[in-house]
Amino acid sequence: MTSVHILCVGKLKEKFYTDAVAEYAKRLSPYCKLTMVELSEEKLPQDPSPALIAAALGKEAAAIRAKLPPRARVVALCIEGQLLSSEELAKRLRAWEIGPSNQLCFLIGGSYGLDEGLKAEAHVRLSMSPMTFPHHLARVMLLEQLYRAFKINEGSAYHK
């Protein structure tokens, strides 16, 4: 069974996000072993300088690197990443499942995104959309798309 790790910067507080995450985690349980780790977002002042943002992203990247599962295929979610349709993601997921490691690790940054070095180290950069979404919503969207990809791969009617 594929292991899917999601490393997220920031804690979910809103009930509607936590309920949605719990629902998709339940739906994914027959298809993969799901692990989600929430990492603290660095505190920044109002209107931080680019240097302060870069330093905070560097600290968050160090925390993420410390939690990366060994031999996992790392997928960084970032706006400049590759855009895939749900069908293309399903095809990619199928290929990853039969690859040298059946462990996937998705990275979701905080409100300022992910460190550039961390994105460069990832095996894949994936974009959910050219639009900007709250990073908490990105977690729900990723879980739904993973569930959809598994359902596409099994030939289910979920994906219409």
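**Cysteines, a helix and a sheet**

Reader: Why is the sulfur of Cys78 too far for a bond with the closest cysteine sulfur?

Author: The closest cysteine sulfur to that of Cys78 belongs to Cys105, at 14 Å. A disulfide requires the two sulfur atoms to be within 2.5 Å, so Cys78 is too far from Cys105 for a bond. Please note that the model is predicted.

Reader: What makes Cys78 count as buried?

Author: The relative accessible area of Cys78 is 9%. Buried means under 20%, so Cys78 is called buried. Cys32, at 3% relative accessibility, is buried by the same cut-off.

Reader: Why is Met141 called partly exposed, and not buried?

Author: Met141 has a relative accessible area of 22%. Buried would need a value under 20% and exposed a value over 50%, so Met141 is partly exposed. Met141 is placed in helix α5.

Reader: Which residues does Met141 touch?

Author: Leaving out residues up to four places away in sequence, Met141 touches Met128 and Phe133. Met128 is 13 residues from Met141 along the chain, and their C-alpha atoms are separated by 8.0 Å.

Reader: Why is His135 called buried?

Author: His135 has a relative accessible area of 16%, and the cut-off for buried is under 20%; therefore His135 is buried. This residue lies in helix α5, residues 135-154. The residues that His135 touches include Val9, Glu41 and Ile108.

Reader: How do you know that the buried residues of α2 line one face of the helix?

Author: The buried residues of α2 are Ile53, Ala56, Leu57, Glu60, Ala61 and Ile64. Seen down the axis of α2, these residues fall within an arc of 145°, so they line one face.

Reader: What do the buried residues of α2 pack against?

Author: They pack against the strands β1, β2 and β4, and against the helix α4. Helix α2 itself covers residues 50-67 and reaches 26 Å from its first C-alpha to its last, close to the 26 Å expected.

Reader: What makes β2 and β5 stand at the edges of the sheet?

Author: The five strands of this open sheet follow the order β2-β1-β4-β3-β5, with parallel pairing. β2 and β5 each have a single partner strand, so one side of each is left without a neighbour in the sheet. The twist averages 30° from one strand to the next.

Reader: How do you know that β3 is joined to β5?

Author: Five bridges join β3 to β5, and a pair requires at least two, so these strands count as paired. By the same cut-off, β3 pairs with β4 through four bridges, and Leu104 in β4 is the bridge partner of Arg73. β1 and β2 pair over eight bridges in the parallel sense, and Ser3 stands opposite Lys33 in β2.

Note on methods:
Residues are numbered from 1 along each chain as its sequence is written. This is a predicted model: local features need pLDDT of at least 70, side-chain atom pairs count only at pLDDT 80 or more; totals for chains, interfaces and linings use all residues. Side-chain values use heavy atoms; hydrogens and water are left out. Helices (H or I, at least four residues) and strands (E, at least two) are DSSP runs, numbered from the N terminus. The expected span of a helix is 1.5 Å times one less than its number of residues. Buried means under 20% relative accessible area, exposed over 50%, partly exposed in between (1.4 Å probe, protein chains only). The arc is that of the directions from the helix axis to the C-beta atoms. Contact means heavy atoms within 4.5 Å. Axes are lines fitted to C-alpha atoms, for helices over the stretch in contact, and angles run from 0 to 180 degrees between N-to-C directions.
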